[in-house]
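Hi,

Here is the structure I promised to pass on to you.

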Amino acid sequence: MIHFLLRRAAASVLLVWVVLTTVFLALHAAPGDPFSRLTDPRIPRTQQQRLRAVYGLDQPLPVQYGAWLRAWLAGDWGQSFLYQRPVAQVIASKAPTTFLLGLSAFLVQFVLGTALGVAAATGRGRARDRWLRGTTIALYSLPTFWFALMLALVMSRGLGWFPAAGFSSPFAEERGVLRYALDVAHHLALPALALGLPPCAFVARLVRNRLLEELSKVYVTAARARGLSEARILLHAAHNASPPWVQVAGLSLPLLLSGAVVVETVFGWPGLGSTTFAAIGARDYPLVMALAAISAMLVILGNLLADVLLALLDPRVALAMETP
């Protein structure tokens, strides 16, 4: 396992470098730069050129790439053009809210999705199973941006049950810790549902199909013949059906962040998703590069976590990892 982790770590470093180099070249290949948006006639062109020189944007592309790479290897993510603060500070201030949203959506996706999948599998052929299958197909086919907009339109503007945007109400912190937490949860409900419900439908169908496949095997029939309870049989079948579920859980980490770009923008949630949208629009090179690095590392960590959990669940996977 240690050798496997070392190999994956070496490959991960190379993969992150390739991703960041691709993003760097794509950003600089697009026409314009962060200061071409300065259309105020009061700002002379010489001032724009001076700003480009300060940030090194007047240098040839290979020189800019070399300066960026040296700074990154030294741990310097640069200064955000948009926020006029170090990139690390911007990300540190936005990451907790995105983590809260991602964790909430993850719970919606897997706790609710697993419960629905088990309910559908144990009621195969009944009205409950047919209703759940139809509902999950409809949910999974909905685009995230449209679903988020409909939630905001119906649940907020139409019924008035939830706030339309923001992290909390004005002056909510002054009402005490409990009331502030409840207010944040009230604002969090719609973004978490918008981000978690569509993939929840996929998890529900995956759990249902895998569980039905396990329940149809010979060992389940033998277990029933020996008089084992249905709950115990279901537990064993769920354990044997868990590897695909674990893989989806690991790969959901980066997907939740990419989905948060749309959801946070729709609901005005002050996290990394809305920051990514704003940084791309403002051509904030250092901030976009840092966010791309975080996204790439989440993909790598998600895959690694899925592989390790699979090795713990299935000894055959662990044996394959030990093979050079």
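**Cavities, a pocket and one threonine**

The largest cavity holds about 50 Å³ of space. This is a predicted model, where local features need pLDDT of at least 70 and side-chain atom pairs count only at pLDDT 80 or more, while totals for chains, interfaces and linings use all residues. Residues are numbered from 1 along each chain as its sequence is written, and side-chain values use heavy atoms, with hydrogens and water left out.

How do you find such spaces? Rolling a probe the size of a water molecule over the atoms shows where empty space is left. On a 1 Å grid over the protein atoms alone, a cavity is a set of points where a 1.4 Å probe fits but cannot get out; a pocket is an open set with protein on both sides within 12 Å along at least five of seven lines, and lining residues have an atom within 4 Å of a point. Points are joined across faces, edges and corners, and the volume is what probe spheres set on them fill.

Back to the largest cavity: its lining includes L116, R133 and R208. Helix 4, helix 5 (127–140) and helix 7 (177–215) each give at least two lining residues (helices are DSSP runs of H or I, at least four residues, numbered from the N terminus). By class, the lining has four nonpolar, two polar and three charged residues (Ala, Val, Leu, Ile, Met, Phe, Trp, Tyr, Cys and Pro count as nonpolar, Asp, Glu, Lys and Arg as charged, and the others, Gly among them, as polar).

The second largest cavity has a volume of about 30 Å³. Among the residues around it are H187, F267 and W269, and helix 7 provides the largest share of the lining, three residues.

Now the largest pocket, at about 430 Å³. Of its 20 lining residues, Y55, Q64, A67, W68 and P286 are closest to the centre. Helix 3 supplies the largest share of the lining, six residues.

Finally, is T97 buried or exposed? T97 counts as buried because its relative accessibility is 11%, and buried means under 20% (1.4 Å probe, protein chains only). T97 sits in helix 4 (residues 87–122) and touches F167, W269, P270 and G271, leaving aside residues up to four places away in sequence (contact means heavy atoms within 4.5 Å). A polar atom of the T97 side chain lies 2.6 Å from the backbone oxygen of P270.

Cheers

How values were computed. Buried < 20%, exposed > 50% of the residue type's maximum accessible area, 1.4 Å probe, protein only. Polar contact = N/O pair within 3.5 Å; in protein donor to acceptor, adjacent residues only side chain to side chain.
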